[in-house]
Structures are given as structure tokens and as C-alpha cells.
Amino acid sequence: MTKTESRQPGSKAPSRRFHDLDALRGVAMLLGIVLHVSLSFLPGFWPAEDNTAGFDGPYDEILHFIHGFRMPLFFLLSGFFTAMLWRRRGLRSLLHQRVKRVALPLGIAMVTIIPLMNWVSDQAIAAQVDDLLIGAYTQNTTAVKDLLTDGAHPDKARGSQGETPLHAAALVNNAEIAERLLKAGADPVALDIKGDSPLAWAYYSGSKEVADLLITAGHPEIRPDGTDWEDLDNWGFGASESDEDDVGLESWVSSFHHLWFLWFILWLVAGFAVIAAIIDSRFVNNGFADRASDDPTTSSWPGRLMWVLIPLTLLPQLAMGEQGAAPTFGPDTSIGVVPLWHVLAYYGVFFGFGALAYARTTPTGRPVIEIVGRGWMIILAVTVLVVFPVALGFTFDGDWFVASVLQVFYVWAMIFGLLGAFRAWFATERRGVRYLSDSSYWLYIVHLPLVIGLQSWISDWDLPSGVKFVGLNVTVGAVLLLSYQLLVRYTPIGTMLNGKRTRPSSVSGTKA
């Protein structure tokens with residue numbers, strides 16, 4: 001569609017497949033797997049920590065390099081394809097497609113993949129926990145069970161305040177762990193260095209079930225006859241938050257984990273739909289008389305706004321990392337039901353750029369999306385070799401405003417450079433690339449349980465980290481591609497994720 005084409009809302013427009021953008025979107029998904037594989041080689045926060053983990057290898061740079069541009073690129077492409085679907089098929093079809101391809105997979109994954117990932121993560125952590133106190137604080141029931149089965153004394157491990165694992169279980173309000181400790185012989189009246197028993201910790205945190213267990217196990221009753229725990233003065237005065245979030249959903253539902261981006265897409269598509277509905281209604285009500293002033297495909301103001309979005313990226317970027325107090329390279333993570341405003345705004349900038357870029361053309365008629373990456377070899381070389389290391393240095397040891405400016409420059413330069421590179425390499429269809437693009441959605445949705453499980457399995461192997469890193473990526477990719485071919489591509493799951501695929505014809509040798 002050119003700048004001068006018009007389209008009645010809901011009508012069909014000439015179809016064109018953007019093979020380069022399909023391939024780039026798939027690469028953005030697959031890079032997420034590489035990123036998550038790298039995390040076991042960094043100490044501190046991942047369920048499975050490799051025995052070679054440290055900050056002296058390349059894995060923190062791999063993490064920052066990928067995280068700095070991957071999801072902004074994905075959201076830009078998502079905005080582009082959202083606008084394309086609206087222009088070609090209309091708003092109703094767009095919303096139907098997003099429900100089918102985004103909302104439905106997210107809902108199914110929340111009751112399948114996410115619980116499986118949590119279970120695998122729990123097992124991985126349990127395999128590394130060698131202290132009952134840590135197991136209680138982290139609420140790792142599997143670790144506590146295994147340590148007690150192996151003969152760990154329930155009161156031996158003590159914390160900095162002299163607390164036992166039972167104190168910790170009371171603080172985190174985990175009745176299951178408290179019950180296991182008590183059955184293993186934990187002392188219900190053990191005292192910390194201040195002379196407080198586990199019941200005092202339960203009182204502080206409002207742990208009613210743990211308090212009941214402690215009384216049953218022999219702790220003296222402190223409630224007057226006929227009263228309950230909530231009737232006591234200041235019961236639970238130290239509790240910070242309940243295990244429900246602000247919108248009343250159970251805590252496990254409130255975390256979308258690695259699928260947060262699907263939730264963000266739904267938010268952004270909802271905003272896009274409001275704007276699209278206003279535009280479509282004006283066309284209908286005014287008999288298309290106002291098209292030149294309203295239609296993003298024909299008027300000039302969306303093109304100007306598109307370029308203004310680039311410097312506007314700095315505003316949400318400055319809010320990242322607690323406004324520089326806890327600096328991070330790349331955007332913050334927001335996995336809850338209510339997105340962090342600055343993170344949603346940040347990705348909204350890229351989504352909006354992509355949406356406005358669709359059907360924008362230069363005065364010579366070339367699509368803007370095809371020319372923003374001109375000079376991509378120079379762009380990528382300078383960005384990777386100069387901008388990235390300098391931005392990384394300022395992020396963790398420099399002025400936050402300068403670091404933010406450099407990060408904004410990095411992310412947009414990487415995006416434009418990759419758009420140009422993929423335009424040069426994949427403008428025409430390549431069967432293998434198309435296959436990987438189709439499979440990438442499935443691979444990313446389901447990869448984490450397998451990744452964490454394999455990371456935990458090989459964590460103690462006496463091999464160089466590089467061998468493990470490459471081996472994990474190859475193994476995960478091979479297993480997931482096999483699952484895609486056998487279980488997804490020609491099944492209802494594949495139809496839900498990517499549309500219907502027909503098996504190659506055995507007669508003609510062509511794909512229907």
C-alpha cells in the first residue's frame with residue numbers, strides 16, 4: 001500500500017509477505033532462549049547455578065547485549081504487523097486474531113507451562129540448597145523435605161538473629177514447611193537471640209496456620225478463652241503484603257514470568273484498537289471526507305510523530321533501574337498483572353513506531369521500513385564495537401543521564417541496523433528461515449522448563465562453561481524443534497499459534 005492508497009475500514013488490501021521482518025521477529029524470540037541459557041553462568045538469581053558461574057566470563061555481556069535491544073525490536077515489529085492486519089482486514093479481524101494468537105496461548109500457558117516451570121525451578125533450587133534455614137526462607141518445600149530425609153537436624157541451622165528454620169517458616173507463613181519441621185522434632189519454643197519463639201515471629205507476620213501448629217506442638221497458649229488470633233492486639237503488625245496482588249488474583253497468577261510480553265501486547269493492542277476505532281468511525285460517519293487528515297496512511301502528521309518517538313524513548317528510559325539508583329542495562333522487567341508504567345510506556349514507544357511505520361513511504365515511494373537500515377554494516381559495527389561497551393561502562397560506573405542517552409542510541413541503532421541487515425539477507429522467502437520463524441513462537445513459550453532442567457542437570461559437570469553454553473543451546477534447540485515438528489506444526493496448537501499449515505504433498509512435492 002502506498003501513501004496515496006485508500007481503504008475502507010475492514011476491506012481487503014493487497015497482500016505482501018514481509019519475509020525479512022518475519023525472520024527478524026523469529027530471531028528476537030530465539031535470542032530469548034540464548035539469553036536464558038546464559039543466566040545459569042551468572043551467580044545470584046537464577047534457579048540453576050552452574051559450578052563455573054562468575055562475572056569473569058562473557059555471559060554478563062551476552063545478557064546485556066541481547067536484553068538491550070531484543071524486546072524493543074520485538075515490540076516494534078509487533079506494532080508494524082498490528083497496523084498491517086488492521087489496514088488489510090479491519091479492526092474486528094485484528095482483535096479476533098490477537099485473542100486467538102496471543103490471549104489464548106497466554107491463558108493456556110498460565111495453567112501448563114508456567115506451573116511446570118515453577119516446579120522445575122523448585123527442583124533445581126532444592127538440588128543446590130544445603131541448609132534448612134535457606135530452604136525455609138525461600139519456601140522450598142522440596143529442599144526442606146530432602147534435607148530432613150537425609151538426616152538434617154531441624155534446629156541446628158541458625159541465622160544471624162539466632163532463628164531456627166521454624167522461625168523462618170513462621171515469618172514467611174509457610175505452614176507446610178513448619179509442619180515438616182515439627183514432625184522432624186523441631187522445638188516449638190526455641191528462642192532467638194532476643195528471646196523470641198517461633199510464635200512471636202508468627203505473631204509479627206500474621207501467620208495464623210503456623211501459629212496453630214505451634215500451639216498443637218506444645219507451645220503455651222497465649223490467647224484468652226474464646227478469642228482467635230485476629231482478636232489479639234497488633235496481630236500481624238509486621239506483615240508487608242498479603243499473598244494476593246492489588247487486583248485480587250492469587251500470587252501465582254500475578255506473575256507472567258517469561259510470557260509477560262504477551263500480556264503487554266494485549267495492553268498495547270487494546271490502546272491501538274481504541275485509536276483505530278475512532279479513525280474508522282470518522283471515516284464511516286463522514287463518508288470518508290476527512291480521510292486525508294485522519295488516516296495514518298495518507299496524512300503527514302503520523303510520519304512526523306514516528307520520528308519524534310525516538311528521542312521520547314529517553315523519558316521512560318530515565319526511570320529504569322530506580323532512576324539510576326540500581327542501574328541496569330536495558331529495560332526493567334515487569335511480570336505482574338498491572339504493568340509498571342514506565343516499562344509499558346517504553347515498549348509502547350517502539351510499538352507505536354512500528355505501527356506508524358506501516359505503509360509510510362519516502363517521496364520516491366519506497367517503504368520507510370525498508371530504508372531505515374541503510375548503511376547497516378556501518379551502523380552495526382559502530383554500535384557493537386563502540387556504543388555498546390561505552391554505554392555499558394557509563395551504566396554501571398558513570399552518570400545515569402549520559403548512560404540513558406547512550407542506551408537509547410544503542411537500542412535504536414541495533415534495531416535499524418538489524419532491519420537493514422535482514423532486508424539485505426532475507427527479503428525473499430527461504431524455506432529454512434521461514435520454518436524457524438514459524439517455530440520460534442512455540443520454542444519461546446515452552447523453552448524455560450527444559451532450559452532450567454538441563455541447566456540443573458549439568459551444573460556440576462566438570463566441563464568448561466563455553467562447552468556447556470553451546471551444548472545447552474544446541475540441545476534445547478534440537479529438542480524443541482523436534483517437538484514443534486511432531487506435536488505442533490500440523491496440529492490445532494500450530495493453527496492457534498501461527499495459522500493452519502498443510503503437510504507437503506506427497507504427489508506434487510509442494511506445500512499447499
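**Salt bridges, a pocket and a patch**

D438 and R501 pair through their side chains in a salt bridge, 3.2 Å from N to O. Here a salt bridge is a side-chain nitrogen of Lys or Arg within 4 Å of a carboxyl oxygen of Asp or Glu. The pair links distant parts of the chain: D438 sits in helix 21, R501 in the segment after helix 23 (492-498), 63 residues apart. Helices are DSSP runs of H or I, at least four residues, numbered from the N terminus. D438 and R501 are both buried. Buried means under 20% relative accessible area, exposed means over 50%, and partly exposed is in between, with a 1.4 Å probe and protein chains only.

A word on the model. It is predicted, so local features need pLDDT of at least 70 and side-chain atom pairs count only at pLDDT 80 or more, while totals for chains, interfaces and linings use all residues. Residues are numbered from 1 along each chain as its sequence is written, and side-chain values use heavy atoms, with hydrogens and water left out.

Back to the salt bridges. The count comes to 14. Take K468 and D50, at 3.1 Å, N to O. Which parts does this pair tie together? K468 lies in helix 22 (residues 465-488) and D50 in the loop between helix 1 and helix 2, so the pair ties together parts 418 residues apart in sequence. Both K468 and D50 are buried.

Next, D22 and R25, at 3.0 Å, N to O. They are three residues apart in helix 1, so about one helical turn separates them. D22 is buried, at 7% relative accessible area. R25 is partly exposed, at 28%.

Now the second largest pocket. A pocket is an open set of points on a 1 Å grid over the protein atoms alone, where a 1.4 Å probe fits, with protein on both sides within 12 Å along at least five of seven lines; lining residues have an atom within 4 Å of a point. This pocket has 33 lining residues, and H36, L39, F45, W46 and T333 lie nearest its centre. Helix 2 gives the largest share of the lining, four residues.

Last, the surface. A nonpolar patch there includes I378, V386 and F401. Patch residues have over 30% relative accessible area and no salt bridge, and nonpolar side chains (Val, Leu, Ile, Met, Phe, Trp, Tyr) are joined within 5 Å, like charges within 9 Å. Helix 19 gives the most, seven residues. V386 is in helix 19, and V386 is partly exposed, at 44% relative accessibility.

Note on methods:
Helix = DSSP H or I, 4+ residues; strand = E, 2+ residues; numbered from the N terminus. Areas by Shrake-Rupley, 256 points an atom, 1.4 Å probe, with all protein chains shown as cover.
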